[in-house]
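Keep the model open as you read. The text takes a sheet, then a helix, then some charged pairs.

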Amino acid sequence: MKGYNTLFPMGFHYTGTPLFAMSKRLREGDPEILKTFTKVYGIPPETLEKLKDPKSMASYFREDIKKGMIEIGFSIDWRREFTTIDPLYNRFIEWHFQTLNRKGLITKGTHPVAWCPNDKSPVGVVDTQGDVEPDIGESYLVKFQKEGVSYPTSTLRPETIFGVTNLWVNPDATYVRARVDGELWIVSKEAVEKLQHQNHKVTMEGEIPESELLWKTVQNPVTNSEIPILPGSFVEPDNGTGVVMSVPGHAPYDYQALADLKQRYTDLAGPQQVLQDTTPISIIRLEGFSDLPAADLIEKFKVKDQNDPHLEHATQELYSKEFHDGIMKENTGSYSGMPVAKAREAIVRELTSQGKIETLLELRNAPVICRCGTKCLVHILENQWFINYGDPEWKKLAHKCLDQMTILPEDLRGEFNYTIDWLRERACARAVGLGTKLPWDQNWIIEALSDSVIYMAYYLLSKYFTKDWVVFKKFERDTSRLPDAFFNFTLLGDGTIDTVAEQTKIPKRILNAIRAEFQYFYPVDMRHSARDLVSNHLSFYIFHHTSLFPEKQWPKGIVANGFVLMEGAKMSKSLENIIPLRQGIAKFGADPVRVGVMATAELGQDTDFSEMLALSIHERLSALIGQARKLGTKKTAGKPKLSTLDRWMISRLSNAVQSATNALDRLRVREAINIIVYQLDNDIAWYKRRLGPKKPRSDNRDRVLRRVLETRTRMMAPLAPHTAEEIWSRIGNKGFVVQADWPEESENEKDAVAERAEALIRQALEDTGEILKATGITPKRIAYYTASDWKWEVYLKALKAAKEKMRQGDFIKDVMGDPRLRSLGKAAADYAAKAIQQANQMPDEMKQSRLRDGVTAENTIFADSVDFYQREFKCTVDLWNEGDPSINDPKGRARMSEPYRPAIYLE
């Protein structure tokens with residue numbers, strides 16, 4: 001509609017493990033997935049058998065989604081459709097990775113990864129339930145000792161070792177004696193697998209009965225003090241080693257757990273004595289807190305017991321404050337006086353050199369669950385293939401590309417910069433799933449986020465790779481016959497057409513056509529995706545394009561969208577609030593779904609779809625079709641000259657076109673919908689209300705309303721195409737509205753005078769309504785009194801004085817220096833004071849506008865509106881000027897009139 005030749009293709013991503021996981025659950029008869037498929041998606045039970053194969057399941061949903069896209073009106077070039085397991089797409093990805101490998105950006109090494117023990121593969125965001133990106137972090141294992149046996153405790157705060165009063169173990173968990181790298185350790189049974197996955201040599205020697213753990217003592221490796229092992233049901237055996245050190249002076253959880261335990265064991269002499277001797281130790285000085293900050297936070301948050309959710313807030317607040325502002329106290333030896341942050345580094349260094357601390361890698365956002373249902377852990381992967389996003393030269397290119405790009409919303413640019421900076425090696429292959437095999441190591445499949453970052457370039461090839469182009473059939477049967485030289489020439493312009501034609505036997509005219517089409521459509525002008533992919537997929541997209549393509553073909557922009565909520569809640573199978581696309585279209589209609597999704601949020605925000613909203617939009621769109629039906633196909637005539645009201649409506653339309661166009665240029669679709677669907681409806685309602693009952697041949701309403709509807713329909717075409725085409729046809733236009741030009745605002749049709757005149761009329765209407773509401777009067781007559789000429793003179797003087805920053809006293813003197821105004825006495829002085837005060841409070845833009853307009857012909861404006869007011873209030877309406885000698889003003893209301901605010905009298 002704006003003259004651009006746009007391309008909207010569509011592909012289907014089969015790569016990865018989700019399909020494998022779902023088909024496996026279906027084969028195993030998982031009741032949850034059976035319920036989801038039959039109840040939510042309405043899949044017939046007899047069809048479920050076919051979906052037990054991953055590829056069949058993918059094909060089923062692909063076809064269903066494709067039908068939904070067609071039904072909702074997406075303008076997709078289906079000639080370019082492909083899936084990421086098509087043989088020629090696999091060949092394209094092989095070329096992609098061989099190119100990266102030649103550039104030295106693929107490495108093989110040993111790195112920690114999030115790992116699924118069941119699939120025996122690394123996992124990323126697309127492989128986990130809930131699309132969680134695993135976050136790997138480092139914790140410290142502080143080794144407490146007893147008779148040559150280590151009790152390693154996992155902590156993020158090793159500097160608090162001076163304040164440890166006891167260890168916690170879960171009395172309901174299983175603990176084992178295990179030999180770890182030659183040392184004897186006591187850990188939870190769950191920790192053994194975790195240690196094995198981090199390249200520790202671990203041999204389990206047997207389980208430890210509860211009696212050999214609880215109430216026994218171990219030695220603090222720094223203070224050498226003996227401390228007890230106490231029961232803590234809150235300890236998670238699969239978190240760390242299942243053994244936790246307790247610092248009740250500086251850890252709210254520990255403080256409360258110790259208090260709860262003392263209360264529980266009040267009647268048992270042995271445990272009671274141990275607990276009485278276990279008292280919090282203060283080791284960190286924190287301004288504004290007592291010696292025991294944990295106790296302060298417990299009191300602040302009114303924590304009741306160790307299950308109180310406020311404990312988490314108390315812990316976060318205290319840990320942050322102590323890390324940034326805490327100072328180590330005298331009882332911490334050589335670390336006394338150090339800031340906590342520095343003390344932590346020093347303690348880790350010293351204890352590591354002494355063999356008293358080791359590191360353990362953890363998933364900070366655990367539990368992370370693989371699509372197969374297995375809990376993930378950290379695995380040290382050897383001989384694994386990685387993409388080296390840490391390459392400094394590659395990072396420079398990525399930053400350069402980002403700096404040139406449009407990012408919407410703009411506030412995400414910082415997140416992109418941060419991601420580009422912190423990305424390092426990332427596993428790019430896994431052992432199971434659908435996808436492309438790594439060209440030089442067929443035991444691995446390229447993972448889902450790595451094989452889909454330059455697929456946009458494949459759209460320019462996929463049209464030619466379809467069944468209609470027989471010349472490419474031989475390559476589909478044997479992809480190895482399609483050399484890298486083909487992709488180098490068509491996508492990069494490298495090599496010669498003669499060489500490629502000779503190697504492939506593809507005619508030169510086809511090779512030239514592919515190359516020309518790629519150069520025409522590439523680079524990608526705008527990539528739309530989910531906001532939560534900024535930290536991975538969208539940043540990879542930038543990296544890979546800068547490595548593979550010349551700068552002129554780097555991406556130009558990214559738009560990040562939020563999620564679609566349902567009635568304010570995240571869509572969830574458990575909440576049964578998912579509406580599949582085709583069901584939504586069948587229930588509400590295609591256009592109400594389209595507009596309903598876009599109407600409640602701007603870019604980067606979650607949009608909130610609701611049934612009530614969809615039904616409301618359905619009514620609005622139906623009403624527009626009704627307007628078209630009434631206008632019909634016959635072009636209507638009208639008066640040769642437009643009235644002020646007609647000019648107002650056309651001016652409002654021109655402003656709406658400008659505002660909606662600007663909004664859509666910035667992809668502020670919600671704002672555009674509000675203007676096109678709602679704001680213009682309000683303007684039309686006012687226009688019709690002002691005109692009153694229709695009188696044949698007496699006004700321009702049909703001509704103006706047809707103009708408004710036609711323009712509005714063109715603006716609606718991208719938003720509600722089906723409705724727009726229906727209206728376009730009903731009002732007698734030929735062809736399709738989507739092929740019409742986008743409307744352009746006309747400065748000549750913008751009429752500020754007409755708009756201010758209508759604002760005056762509307763303001764007087766509202767003021768009159770407020771008076772009637774307050775007094776309860778049913779009027780027989782209403783009189784409006786416009787301001788006299790001298791008030792306009794003072795008013796305009798005040799606007800100019802305010803603009804020049806004149807003081808109020810000086811302005812009043814200036815006004816009263818005019819003999820004609822001075823003759824009016826106190827009335828002139830009082831109004832001068834009021835006028836300058838109002839002018840000083842007025843926005844600059846309004847001041848300048850009213851100065852430009854000068855004296856407004858209020859008498860003419862209100863005289864043209866008398867019929868309107870009489871219809872509205874069902875009584876006689878008179879109009880007078882304050883200075884009129886024949887004025888009828890029994891209560892002296894005229895003296896209260898002001899420019900832009902007539903006085904009102906009711907009787």
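Residues under 20% relative accessible area are called buried, those over 50% exposed, and those in between partly exposed. By that scale Asp-878, at 21% relative accessibility, counts as partly exposed. Bear in mind that the model is predicted.

Start with a sheet. Three strands form an open sheet, in the order β18-β24-β23, with parallel pairing. Its edge strands are β18 and β23, each of which pairs on one side only. Neighbouring strands are turned by 15° against each other on average, direction ignored.

Now look at the two pairings. Strand β18 covers residues 406-408 and pairs with β24 over three bridges. Here Thr-406 stands opposite Gly-557 of β24. On the other pairing, strand β23 (residues 527-530) is joined to β24 by four bridges. Arg-527 has Ile-558 in β24 as its bridge partner. His-528 stands opposite Val-559, also in β24.

How enclosed is strand β24 by the rest of the structure? Largely, because four of its five residues, 557-561, are buried. In a regular strand the side chains alternate between the two faces of the sheet.

A helix connects to this picture. Together, β23, helix α19 (residues 537-548) and β24 make a right-handed β-α-β unit. Helix α19 packs on the sheet and touches both β23 and β24. Its direction makes about 150° with that of β23.

Move on to helix α34, residues 866-873. Which of its residues are buried? They are Val-866, Phe-868, Tyr-869 and Phe-873. Seen down the axis of α34, the buried residues fall within an arc of 160°, so they line one face of the helix. The elements covering these residues include α24 (669-691), α27 (752-775) and α33 (858-863). Strands β28 (781-786) and β29 (876-881) are also among them. Just after α34, Lys-874 takes a positive phi of about 55°.

Side chains of opposite charge can pair when their charged atoms come close. Arg-781 and Asp-878 meet through their side chains in a salt bridge, at 2.7 Å from N to O. The pair links distant parts of the chain, with Arg-781 in strand β28 and Asp-878 in strand β29, 97 residues apart. Arg-781, at 9% relative accessibility, counts as buried.

Compare a second pair. Arg-62 and Glu-81 form a salt bridge of 3.0 Å, N to O. Arg-62 lies in helix α4 (residues 54-72), and Glu-81 in the loop between α4 and β2 (82-83), so the pair ties together parts that are 19 residues apart in sequence. Are these residues buried or exposed? Both Arg-62 and Glu-81 are buried.

Arg-177 sits in strand β8 (residues 175-180). Glu-212 sits in the loop between β10 (202-208) and β11 (217-219), 35 residues apart from Arg-177. Arg-177 is partly exposed, at 28% relative accessibility. Glu-212 is partly exposed too, with a relative accessible area of 42%.

Salt bridges can also share partners. Asp-77, Arg-79, Arg-80, Lys-463 and Glu-517 are joined into one network in this way. How many salt bridges does the model have by this rule? The count comes to 61.

How values were computed
Residues are numbered from 1 along each chain as its sequence is written. This is a predicted model: local features need pLDDT of at least 70, side-chain atom pairs count only at pLDDT 80 or more; totals for chains, interfaces and linings use all residues. Side-chain values use heavy atoms; hydrogens and water are left out. Buried means under 20% relative accessible area, exposed over 50%, partly exposed in between (1.4 Å probe, protein chains only). Helices (H or I, at least four residues) and strands (E, at least two) are DSSP runs, numbered from the N terminus. Two strands pair if DSSP finds at least two bridges between them. A crossover is right-handed if, with the strands pointing away from the viewer, the path from the first strand over the helix to the second runs clockwise. The arc is that of the directions from the helix axis to the C-beta atoms. Contact means heavy atoms within 4.5 Å. Axes are lines fitted to C-alpha atoms, for helices over the stretch in contact, and angles run from 0 to 180 degrees between N-to-C directions. A salt bridge is a side-chain nitrogen of Lys or Arg within 4 Å of a carboxyl oxygen of Asp or Glu.
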